[in-house]
Each structure stands twice: as structure tokens, then as C-alpha cells.
Amino acid sequence: MAKAVRVHTHGGPEALVYEDADPGRPGRGEVLVRHTAIGLNFIDVYYRMGLYPAPAGMPVIPGGEAAGVVLEVGEGVDWLKAGDRVAYAVPTGAYCEERLIAADRLVEIPEGISDEQAAAMMLKGMTAEYLLLRTFKVKAGDTILYHAAAGGVGLILGQWAKHLGATVIGTVGSDEKAELARSNGFEHVINYRSQDFVAEVAAITGGRKCDVVYDSVGNDTFPASLDCLKPMGTFVSFGQSSGPIPPFSISLLAQKGSLYATRPTIFAYNARREDLVRSADALFDVVLKGAVEIRINQRYALRDAARAHADLEGRSTTGATVLIP
């Protein structure tokens, strides 16, 4: 019997229960995948705690990205076969040894990229892709601010933004994380625990401020993030690791300089198969070229998912973490 980690009742890391789980046989348009590596992301915490409702209700198997090997394909799937290496990014369901998944959500892993790398970068890397290339099209000469620069998305986005020719500013919570961010594309790094990031951004940019701010922190960095933007700059809120941004009047955007604000998600940006493939191809391309390096900084056994969550929430992890079935 295959194993999975389920949440039956919302709560802390102890709510993650390691138990038997029969994935079943693939139906039409489905594929049975045996996981070799599973990515860990803060969105998994949101589903565990109930901050985000589980798409299929409770109990829920968390986990939004993984890599593995095709075991069996269902009727109508003619572009994959048993033995193919595949990866994906979806809202939930990855914390398991085997699973059924819609074939149109899978992409083949190219030669030159390991299963662990693929598992660690699908959700985070394709998030960096849509943020940099679609939500706000970063180009050479732009100045960007990214909060939580030593996190999984941050380390990928920092390298990618530098590759695009942008000036990349990041915030972190420790000197150790500052060094990590600097080694991953961030030209300027601000320790928000000891420095005022608004004042530091103004000093770094000579008062010109930033074209875009990418914020997955939420409550702790708002509304100060708006003060880091040029007139008509773009505020991109794509997470809430410190809690949700409180309700605010839209007139605040006018007061701060006719700003734009958006709350995107990867699942909206990659809802169409063609957009998913285009996003994955762009990610694979920069990794294979060496412009972006995917580093696995922590590994946990799948059965130890609760410890992994506790470490993630305690901000004691950096970069990419994988769970090994």
C-alpha cells in the first residue's frame, strides 16, 4: 500500500498524518505517477491551516509540486508512457508516494535536469516566470524589490532577474540569508530586522525607487512596500507568510503615486495547457543554460513532513526543500 500525508483537521504541523493511501487506477485523461521527489512550499502551510480552502474539500493531501515516473496512463493519453520522467505544479495532492493526476498538468523533464531539481522548481520556478515575464515584464534597466529574497521563489527570481538585466534589491531577516541572496542575483540586500527597507531602497536608488515590488510576505511589509515604488509602479502581492494584507482603500494607490496593484496566482496564469508548457519551457531553458541554478538546501523524508513544516514556518530553511518518499 502506498503512503501519503493527509490533513484531516486544520492545525499546526502536527495535523500532518502519515498513513496508507491507495491512489487507484487512471481513468480517461489521467496518469498514475510514482513520486521520486516532492517540493515544499509555504502555500502547503496555508492549506494545512485552512487559510486557503482545499479544492476538493477535507481531508486534503497537501503539496503543489513533484517529480516522478509514469507508472500507467489512462485512456486518451497518447503522449506519455510508462517510464517517462514527469513533473508538475498543482494546488494540492503531492505529499504521497503515488498519485493520479490529469495528464494535461504534466510536463516531461528534459535531460540535464534531475528529479529533485524538477520537484524543487516547478511551482517556485514557474511562479518566478510569470512574475518576471507576464505580471510585470521586467527588462534591462528596471529596478525591482523582492521581499523574502532567501526563500525558494526568491533565489530563483533573483538569478533570473539579474539574467534579464535588472537591478535586483532583496529583503531578508538575517545576515546569513543576506549572503545567500547576494550569491543568487541580488545586487543589494536589506536586513529588515535591523534596517528600514523603505529608507534603504530610497538610498540605493538615489530616490528614484522601484519599478515593481514583489511581495509574498503580506501584513508585515504593507503598506511600506508601496513607498518603495516609483509613480505608476506596480505592487505585486502573491503570498502572505506573515498574515494577509489588511483591507485598504483603493484611493491609497492614488495617494502613493497612481500605483498599480495585483494579486496573481500561478494557477490562473497557467490554467491553459499552452501557457503551462510555455512557462515550463522558459524555466527549463534558463536552468539548462546555467542562468539559474536550482540548489536543494534541505531534504526530509516524506514521513517527516511535520518537521519540515515546523522548520519552514520557523524560517530556519533557505531556498529549496524537497520531501523524499
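These legends describe close-up views of aromatic pairs and salt bridges in a predicted model. Residues are numbered from 1 along each chain as its sequence is written, and side-chain values use heavy atoms, without hydrogens or water. Local features need pLDDT of at least 70, side-chain atom pairs count only at pLDDT 80 or more, and totals for chains, interfaces and linings use all residues.

**View 1. Tyr-47 and Tyr-52 form an edge-to-face aromatic pair.** Rings of Phe, Tyr and Trp (its six-membered ring) pair if their centres lie within 6.5 Å; planes under 30 degrees apart count as stacked, over 60 as edge-to-face and the rest as tilted. Tyr-47 is buried, at 7% relative accessible area (buried means under 20%, exposed over 50%, partly exposed in between; 1.4 Å probe, protein chains only). Tyr-52 is also buried, at 18%.

**View 2. Tyr-146 and Phe-238 form a tilted aromatic pair.** Their centres lie 6.0 Å apart, with 45 degrees between the planes. Both residues are buried.

**View 3. Glu-116 and Arg-299 form a salt bridge.** A salt bridge is a side-chain nitrogen of Lys or Arg within 4 Å of a carboxyl oxygen of Asp or Glu; the closest N and O atoms here are 2.9 Å apart. Glu-116 is partly exposed at 23% relative accessibility, and Arg-299 is partly exposed at 49%.

**View 4. Arg-307 and Asp-304 meet in a salt bridge.** The N to O distance is 3.8 Å. Arg-307 is partly exposed, at 46%, as is Asp-304, at 29%.
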